Amino acid sequence: MAHANAIPAFDDPDDRPGMLTANEEDETWATLTRTWDEGSGLWAWLRSTNHKSISRRYIVTAIVFFMLGGIEAGMMRVQLSRPENSYIGPDLYNQIFTMHGSTMMFLFAVPVMEAVGLYFVPLMIGTRNVAFPRLNALGYWMYLFGGVLLYVSFFYNTGPDAGWFAYVPLAGPAYSPGKRLDIWAQMITFTEIAALIGAVEIVTTVFKQRAPGMSLNRIPLFVWAMLVSSFMIIFALPAIVVSSSMLAMDRLIDTHFFNPAEGGDALLWQHLFWFFGHPEVYIIFIPALGMISSIIETFTRRRIFGYPAMVLSLISTAFLGFGLWVHHMFATPLPQLGQSFFTAASAAIAIPTGVQIFCWIATIWSGRPRFTTSFLFVIGFFLLFTIGGLSGVMIASIPFDLQAHDTFFVVAHLHYVLLGGAVFPLFAAFYYWFPKLTGRMLSERAGRWNFWLFFIGMNVTFFPMHLLGLHGMPRRIYTYLPEMGWGNLNMISTIGAVIIIASVCVFLGNVWISLRRGVPAGDNPWDASTLEWATSSPPPSFNHLFIPVVEGRDPLWDARDGELAVVTGLRTDRHEGLLTSVMDAEPEHRYEFKGPTILPLILAVFGGGCIVLAIFTPWGVTLGAIAAFIILTCWFWPTISPDYDTPRTR
Amino acid sequence: MKTSAFARIGQAGIASLLVLTAFAGCKREQRRFRETAPSGIPVDAVVMSPLQPGPSVIDVRISNPYDDNAYAVSEGKQLFDQMNCSGCHSHGGGGIGPPLTDDEWIYGSEPQNIFATIVEGRPNGMPAFKGRIPPYQVWKLVAYVRALGGLQGKAIRTTRDDHMMYKESEQARDKGHPSPTFTPPASVKQ
Amino acid sequence: MTVPLQSALDPGGPKAAAILHLGWFLLITAIVAYVLVTVALLYALRRATHRPAAFDDSDFDEPNRERGRVRWVAAAVAATGLLLLLFIFVDVTTARSLGSPAVGEPLRIDVVGHQWWWEVKYPDSANPQNIVETANEIHVPVGRTVSIKMTSSDVIHSFWAPNLDGKKDLIPGHETRTWFRADSAGVYRGQCAEFCGHEHAKMAFFIVAEPPTQFEHWLESQRSGAATPTDSLAQQGERVFLSGSCAMCHAISGTSAGSNFGPDLTHLASRRTIAAGTLPNDASNLAGWIIDPQIIKPGVKMPPHHLDPGSLQALLAYLATLK
């Protein structure tokens, strides 16, 4: 790709305006490759701070957890397929549905969305790495260790068994003996740290490292979505930090946060948990909205309709999302008037979501759709998420919710919005971005099988649950009596689950084969408009050869007739990037990204070990603080400023 | 998706570790709802005296099937309240009956001693619960009483109740050291 | 399709009926909205697929056509907003009608949730000694408002009889109040609807709505203590009950058994089910339950009992006298 009108990074008389020669490009490429090379082998892998490498690990680990969660769901469906089934007893069933919920919510949904963001946001905004590369690595290790903690404990019969929401007093010390819920509470500690780290990365990177000219009104909608979602994480996660710590303290050191006899309250847990729990689902959903925007733009070949309205919808969804949490508590003895406020807010959030949907339809209406697998999944999103959203408005009504709450109606609703609203966009994103990630195309034929099996399977599994709920079937029951009349619908649901499993197998097979024998993808196989498609597939470790300069929202379409403008003058012998201003992305500083280091892994191991110790003794907290202090001192130890005139040897 | 060979090895390693640990259990967390085999509920061999006529073959020291089981200790705590042990022993602090949280065990602190005390009754006011509390529930009470005395592992003992706090929780107290005077005599050859 | 045993779609009282009407309104509105959005989407896909193939920016950046689209989207958003306002209006109206019961002196009942059974008390404010204590079965007179005061003795439970009303949580440390009315006679099944531990799945109860005279008769008979059995087998059974572990947890008024950790058994034989709605109340089920409740409800607090057949028969004969 030729680069015209190279804009100098600073007013330096030595820089020449005009075209860059092919020779210059090759030299730059070679130097950058050398500078950003992290080495090979296990040691290099453990020390990596490259955002793409870390995101790939996140995605693979999240997919593994998705499959484990799916196996748990399959076991539940087998148990519930017939009345009085004896496949799984109550204790194991309680552990399984708790693990299913915790895995899907904490170990799959949020991490995978963050991971896709951490991979593509730096590429889309034209920078070389995230703002804090070592912190990013730490986030992954904490996530991995949290998931391993949960699953190792599950295999030791110490898996949590009080639901993913762990209501007290059932989850409290009196009614959940042993260490099961302590392990759950500390798993939360691991995953909340990872989520907060990812959020901080994205916010800082988006605000300060955008390509020159990419003012806030020119960033892609996916970047907006990740930014909004990250802000939600920063405001919502502290609630569960607090509540899981309170639960851990109640269980370990005899505090009374949730003990009504000593001044605590069981409802306190519910408020704190759902203040996190409701924004959590929007944290999962909003990145999916961003993915949909990217994909619709590409596959209808027109710019998204109503960009300002879309941005404002994302932001208002985020704000409103914090005002809904009591709709999970309508059956509790809270005052009616107060509860009605949350009905209104829960209904109101349908408006920004509606704006998004109508703008997308307008985009499709005036565009030229191409029915790739990715686009099929987007259509599936529309058809399924709308069902989930509408059943959500139904249960926003307090009287109706008092019948539907804690029944399979809600299970149907949540799976329609989560599978339809997050997993379908995620699959669409996989089919869309797989070529960029791996350099190979996924098979479209297998993709169609994947889509149709999933779409049909999803409906067969979850649609009957609407009726089951209204017919009186509560949630979280390990069996039911034959005379209840729920057997047939449950059996249909289980058959649907089998179809979903088949679909996931097709997907995994597609990935496996395409990695080896897929059609090689070029830089921009879909002729898309955003900057991640301006570099090779897969991207080199330094992302873009030169930092691009943008003048509009769709840089690659704007540059169709000419060439993409770039920034030159940054050092290629150091990990150097460009910091720009928050609003208008005017260049401000040079910035050196930190290179590979083993410190994040060390902090995760020692800090994580102390968190695990805190399950058994409060001394874990003390030791953890000391260990973290020592390691962070090494982490932040000041390095001598590089002498800018001396080239680095490595 | 490009995963380095080491990533795959790492994940395979974790997976095999998980499979291996699946075969391990964790006694602390078992929830045993019923005991099917008679040998699961040691009852008949509980004796008061280590002396035996003829050859000494009965194992005097009987381990509690619910030792090291947090669920059983928690159930024992509920039973302690339900069977009104607190009526005399006042949540372990004693009153009409002797305290259970100290190191003095009049009739011994071994599981079979406590079992016998509960089932047979004792002079000066300890009722005989034989036939009133099924044996496996008595063993749960035994587990809890030992936890009161600090004789179970810290992670096994219960923590705070969902009631007013009468005393520090069982988990907060130090390990118990039953007074040597009352250790039952060394068991005879099994 | 047979209507299942407990269903929100088969109301037996005014609250469930009002909620069902609201549900129909919500469903129809939701279906209409869904059809409109889906038709718009599918039409958009079909229409747009048949455009000329050449990529031409002027096609869709033309100001007039963009303005037209803006108007359509704005209209759709406005329609959504209006629909939601209508929804709120209907919702608030329904909620208000459900908040205040009809006039008339309500029947007051106290319910305490336990792991995994329902303690039911009929207090008598005029004469406190007349309190009736039963378990898992609530008799109410048809057509009279019933006011329930609920709490929990251990973890959070939820009282839900879908044919009559929505659910209300029983939270330890809080007192919840709700009301319902059964307008037609019948037996309505309910179930705990908040995860409460191992046997959450088998914590059901029955609301028996009967004509007022029949209800008064039932209440009066529940007030009396258990009569001393005359049959010798039943007398033997009473001895088995009092001398074994039963009396440690269960109360039978009129005898010396007074513990309240398990359900009150004074009128056990008058109940339709045992084990919180899990099994019909007959001799063979009762025998199985007494011998080993852990097979039927693993994790329940009641232990297995090793009774010899003679004692078991005597005990069953005695329990059958507890009408």
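**Interface of chain C and chain A**

In this predicted model, the side chains of A:E84 and C:K202 meet in a salt bridge, with an N to O distance of 3.5 Å, the term denoting a side-chain nitrogen of Lys or Arg within 4 Å of a carboxyl oxygen of Asp or Glu. By this rule, 1 salt bridge is found across the interface of chain C and chain A, together with 14 residue pairs in polar contact, both residues being at pLDDT 80 or more. A polar contact is here a pair of N or O atoms within 3.5 Å, of which, within protein, one must be able to donate a hydrogen and the other to accept it, residues adjacent in sequence counting only if both atoms are side-chain atoms.

On the side of chain C that touches chain A, at least two residues each are supplied by helix 1 (14-49), helix 2 (58-61), helix 3 (63-99), strand 7 (168-170) and strand 9 (186-192), where helices (H or I, at least four residues) and strands (E, at least two) are DSSP runs numbered from the N terminus. Helix 1 of chain C gives the largest share of this side, 19 residues.

In total, 86 residues of chain C are in contact (heavy atoms within 4.5 Å) with 84 residues of chain A.

Residues are numbered from 1 along each chain as its sequence is written, and chains are lettered from A and ligands numbered from 1 in the order in which they are written. Local features need pLDDT of at least 70 and side-chain atom pairs count only at pLDDT 80 or more, whereas totals for chains, interfaces and linings use all residues, and side-chain values use heavy atoms, with hydrogens and water left out.
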